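Here is a short briefing on one chain. Keep the structure open while reading.

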Amino acid sequence: MGRLLDTDITALLTAGHAEPSPLLAEMAAHGEDRSFPTVGPDVGRFLRVLATLSDAERVFEFGSGFGYSAAWMLPVLPADGELVLTDHDSDRLADARSFLDRADADATAVFEAGDALDTITDYEGPFDVVFIDHDKARYPAAFEHAVDVLAPGGLIVADNVMAGPVTAPAVTDAVRDGGGAADDATAGVAAYVRRVRDAPGFETTLVPLGEGIAVSAATDDTEPPSEPTDG
């Protein structure tokens, strides 16, 4: 996992945060053993705080892997809450189910194999938190779908905006130039950053935790999705 913060700040985060639960530690080791990246404990804890502060009842994830980020958020959802996990790999979702079945949580986890951009069209909002962590080239499309189902005051959070499949300097150049990225991942992330930066009805901040996350909060003047018309 890329490190955006220096060792002193990283040490403070480690010292200042409670130890992850045994289940989360087991899941982190599972990812390391398989060289499958996770958001890591700092971003995981931040996601949990965001879900708590927003009184989230429903969460949708674009790209869930084996459920690590979901395992951070699920326990703070209410008993009638719902967290929808998506992944194109059904075996990874089976691993996610086996882990989350052991989580100390009352909310319902739903496991959807396939393309998250298709899956979300099967769901009606509102979702209080939408977490985007799938194919970087498709981040802008995920944002547009997320807006359609987002609750008033809801949050859209995207991972890997500074590191991982991309590098911060390459994203910065592409954001400034309005395009021209050398690869699809960088182009997608840069387009996403420009989109959320300029999106009416949203306040966005970039947070250098993990491999960088973008947090976009819907404001009171966010336009609701347009109603379909006949003809």
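This predicted model holds an open sheet of seven strands, ordered 3-2-1-4-5-7-6, with mixed pairing. Strand 3 (108-113) and strand 6 (202-207) form the edges. Each has a single partner strand, so one side of each lacks a neighbour in the sheet. From one strand to the next, the twist averages 15 degrees.

**Sheet and the helices on it**
- Strand 2 (residues 82-87) pairs with strand 3 in the parallel sense, over six bridges.
- In that pairing, Thr86 sits opposite Glu112 of strand 3.
- Helix 3 (residues 40-53) packs on the sheet and touches strand 4 (127-132), strand 5 (150-159), strand 6 and strand 7 (213-218).
- The direction of helix 3 makes about 5 degrees with that of strand 7.
- Helix 7 lies across strand 1 (58-62), strand 4, strand 5 and strand 6. Helix 7 runs at about 160 degrees to strand 5.

**Helix 7 against helix 9**
- Helix 7 (residues 139-149) packs with helix 9 (residues 184-198) at an angle of about 35 degrees, their axes 7 Å apart.
- Tyr139, Pro140, Phe143 and Glu144 of helix 7 meet Gly188, Val189, Ala191, Tyr192, Arg195 and Val196 of helix 9.
- By class, this contact has seven nonpolar, one polar and two charged residues.

**Thr186**
- Thr186 belongs to helix 9.
- Its relative accessible area is 3%, so Thr186 counts as buried.
- Beyond residues up to four places away in sequence, Thr186 touches Val166, Ala170, Val171, Ala174 and Ala181.

**Confidence**
- The chain's mean pLDDT is 93, and 94% of its residues reach 70 or more.
- Over residues 224-231 the pLDDT is below 50. Beyond near neighbours in sequence, this stretch has two contacts in the model.
- Where pLDDT is low, predicted coordinates should not be read in detail.

Methods. Residues are numbered from 1 along each chain as its sequence is written. This is a predicted model: local features need pLDDT of at least 70, side-chain atom pairs count only at pLDDT 80 or more; totals for chains, interfaces and linings use all residues. Side-chain values use heavy atoms; hydrogens and water are left out. pLDDT is the predictor's confidence in each residue, from 0 to 100. Contact means heavy atoms within 4.5 Å. Axes are lines fitted to C-alpha atoms, for helices over the stretch in contact, and angles run from 0 to 180 degrees between N-to-C directions. Helices (H or I, at least four residues) and strands (E, at least two) are DSSP runs, numbered from the N terminus. Ala, Val, Leu, Ile, Met, Phe, Trp, Tyr, Cys and Pro count as nonpolar, Asp, Glu, Lys and Arg as charged, and the others, Gly among them, as polar. Buried means under 20% relative accessible area, exposed over 50%, partly exposed in between (1.4 Å probe, protein chains only). Two strands pair if DSSP finds at least two bridges between them.
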